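Work through the exercises below with the sequence and the model open. Each task is followed by a solution in steps.

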Amino acid sequence: MARITYISGPIVKATLENESPKLLEVAYVGKDKLIGEIVSVERDTITVQVYEATEGLKLGEPVILSGEMLKAILGPGLLGSIYDGIERPLIKLGERIEKGASVYPLSKDKKWHFVPLLKKGDEVEEGDIFGYVKEGSIKHFLTIPHGTEGIIEEIKEEGEYTINEEILCLHNGRKLTMIQEWPVRFGRKYRKRLKPDTPLITGQRIIDFLFPIAKGGTASIPGGFGTGKTILQQTLAKWCDADIIVYIGCGERGNEMTEVLEEFPELEDPKTGKKLIERTILIANTSNMPVSAREASIYLGITIAEYFRDMGYHVALMADSTSRWAEAMRELSTRMGELPIEEGFPAYLSSRIAGVYERAGFVETMSGKVGSLSIIGAVSPPGGDFSEPVTRHTRRFTSVFWALDKELANARFYPAINYTQSYSAYGETVRVWWEDIYKEWYELRSWMMKLLQEDDKLQRIVKLLGSEALPEEQKLTVEIANLVKEVFLQQNAFDPIDAYCPPEKQIALAKALKSLYDWWQACLKEAAIPIKTLKEQKIVEEIIKLRFLKSVPENIEEKIESTYKNLIKIYGEREK
């Protein structure tokens, strides 16, 4: 036991009484036993980071050391649940969270239908799958915990069991239930990392086609207030082809988390036809909740995501927003009297951000299955300044950068991703996957990127002098780029068809736009037809409407060719 000697918001210091504390050990603070974590040990004084409100705490009150690290409770019942930053189920806690409230995160009474996959006498080691229960639309595989191995002495028959019932016994006397515990600060073990060469399809054309993220990859979504970070993350959670979604609301406003909590239980899952919430875990830690719990919420979410990854599933984790998480670190660091660096952030900001994103990956699990954890973090730079520390360090440790633009957002352009500032390092790694669908995908993507870059340079002239000041060849670039933005880059999240665009349709749209570009060039070169005339053809209207069709007509390129061949012929006869 220790006694409180100092209180500053969520930071509490206590003097030890014949104890041997460990760093990151869980401590129970005060008479209400508030949950905290030891973050510093100096001689006979410990510093505890408290994950609950400390109002009413008094000097001299006891601090009890648990002897354990902050752990996540893992097992059947996680899917569809809503937790706070330290894995307390918010539904069970009720409207008002009492101080020191301790509620078990999983139901101890619900019975699960257990199906054994091994038998008596089988030899097992850590990570091996010994059975499963059906949870929602997935099989929740049960694995041998870390550091455990032996020969099965007894395994329960197929039947109904609660999570705390012993279902497997080893010859060395070790008995296992459906529950596992894992310290949230440390990544779960796996055999080896694999090359992330399969894209995480999101149905958003600008992401999948131009700036793809691979399964097991990392991405950041920086953007100022009102640029659509939360909407984009919610869209990715709804439509991406991951098996499991972990959504962390880290320090965001309550109304934004309320939208998620209201929408997800009602949304139909495009993969299973059931409710989306059935394969989603929500961790809600809003801005009016204790600041220190934000810091734990991201680690909790990643640990839960790794647990499902180890079953051989593809998991997508959305963290909204990592800036609030970094701000929590800054406040805690300041209260502890640590020396700050730029903008008041602690010196370890960079290593903490790196430590979060390095837990993503496409891996071979301990059971021999293949699974992945993709981490997509939103960043909220003040005033949209991408040079501030959190955005800058996040950019260093993520392979995809989807920069949201205030001007595009104000123009109601969704997703408001700035195509000149954004990039993806996975273009080459996912190339083989895309070229299985269309052999010339990489060339098509390169053409579109180059076109948009040329248009960006020309827009400066257009803004000053208007498009009429440009020569015809440059007018062609500007007009086709406008069509690319309208038809391909922009998507209507509320349209039942345009909200999600499958890869085959993305390629068909891009091919139609490239075909139009090629024929406009031919018309300009062979018959000097003005761009004004080219864009007035009816086929252009048909191309604009393509994104609202379920599929692109197969003959669209033939119609484009026929339209402009006739136009060249007409102009040729006029010249004669």
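**Exercise 1. The largest cavity**

What volume does the largest cavity have? State how many cavities there are and describe the lining.

Solution. The model is a predicted one.
- Step 1: take the volume of the largest cavity, which is about 40 Å³.
- Step 2: list the lining, which consists of Phe-130, Leu-142, Thr-143, Leu-176, Thr-177, Met-178, Ile-179, Gln-180 and Tyr-307.
- Step 3: sort the lining of the largest cavity by class, giving 6 nonpolar, 3 polar and no charged residues.

**Exercise 2. The largest pocket**

Find the volume of the largest pocket and the residues closest to its centre.

Solution. 
- Step 1: the largest pocket holds about 690 Å³ of space.
- Step 2: 28 residues line the largest pocket, and Gly-226, Thr-227, Gly-228, Lys-229 and Ile-231 are the closest to its centre.
- Step 3: α3 (229–239), α4 (254–263) and α9 (406–410) are the elements that each give two or more residues to this lining.
- Step 4: by class, the lining of the largest pocket divides into 9 nonpolar, 10 polar and 9 charged residues.

**Exercise 3. Helix α11**

Check the length of helix α11, then locate its kink and its buried residues.

Solution. 
- Step 1: helix α11 runs over residues 441–465, which is 25 residues.
- Step 2: at 1.5 Å a residue the helix should span 36 Å, and the C-alpha atoms at its ends are 36 Å apart, so the two values agree.
- Step 3: α11 has a kink of about 35 degrees, centred on Leu-458.
- Step 4: Leu-458 is also one of the buried residues of α11, which include Trp-441, Leu-444, Trp-447, Met-448, Leu-451, Leu-452, Asp-455 and Val-462.
- Step 5: an α-helix has 3.6 residues a turn, so residues three or four places apart point the same way.
- Step 6: the buried residues of α11 pack against α2 (205–210), α10 (431–437), α12 (472–489) and α13 (503–527).
- Step 7: after α11 comes Gly-466, with a positive phi near 90 degrees.

**Exercise 4. The whole chain**

Describe the protein chain by its elements, its box and its contacts.

Solution. 
- Step 1: the protein chain has 16 helices and 26 strands.
- Step 2: along the principal axes, its C-alpha atoms fill a box of roughly 105 × 55 × 40 Å.
- Step 3: of the 576 residues, 56% count as buried, where buried means under 20% relative accessible area.
- Step 4: among contacts between residues at least 6 apart in sequence, 69% join residues at least 24 apart.

Conventions
Residues numbered from 1 in each chain as written. Predicted model: local features only at pLDDT ≥ 70, side-chain atom pairs only at ≥ 80, totals over all residues. Heavy atoms only, no water. Helix = DSSP H or I, 4+ residues; strand = E, 2+ residues; numbered from the N terminus. Expected span 1.5 Å × (residues − 1). Bend = angle between axes of the 7 residues up to and from the residue. Buried < 20%, exposed > 50% of the residue type's maximum accessible area, 1.4 Å probe, protein only. Contact = heavy atoms within 4.5 Å. 1 Å grid on protein atoms, 1.4 Å probe; cavity = no way out; pocket = protein on both sides within 12 Å on 5 of 7 lines; lining within 4 Å. Points joined across faces, edges and corners; volume = space filled by probe spheres on them. Nonpolar A, V, L, I, M, F, W, Y, C, P; charged D, E, K, R; others polar.
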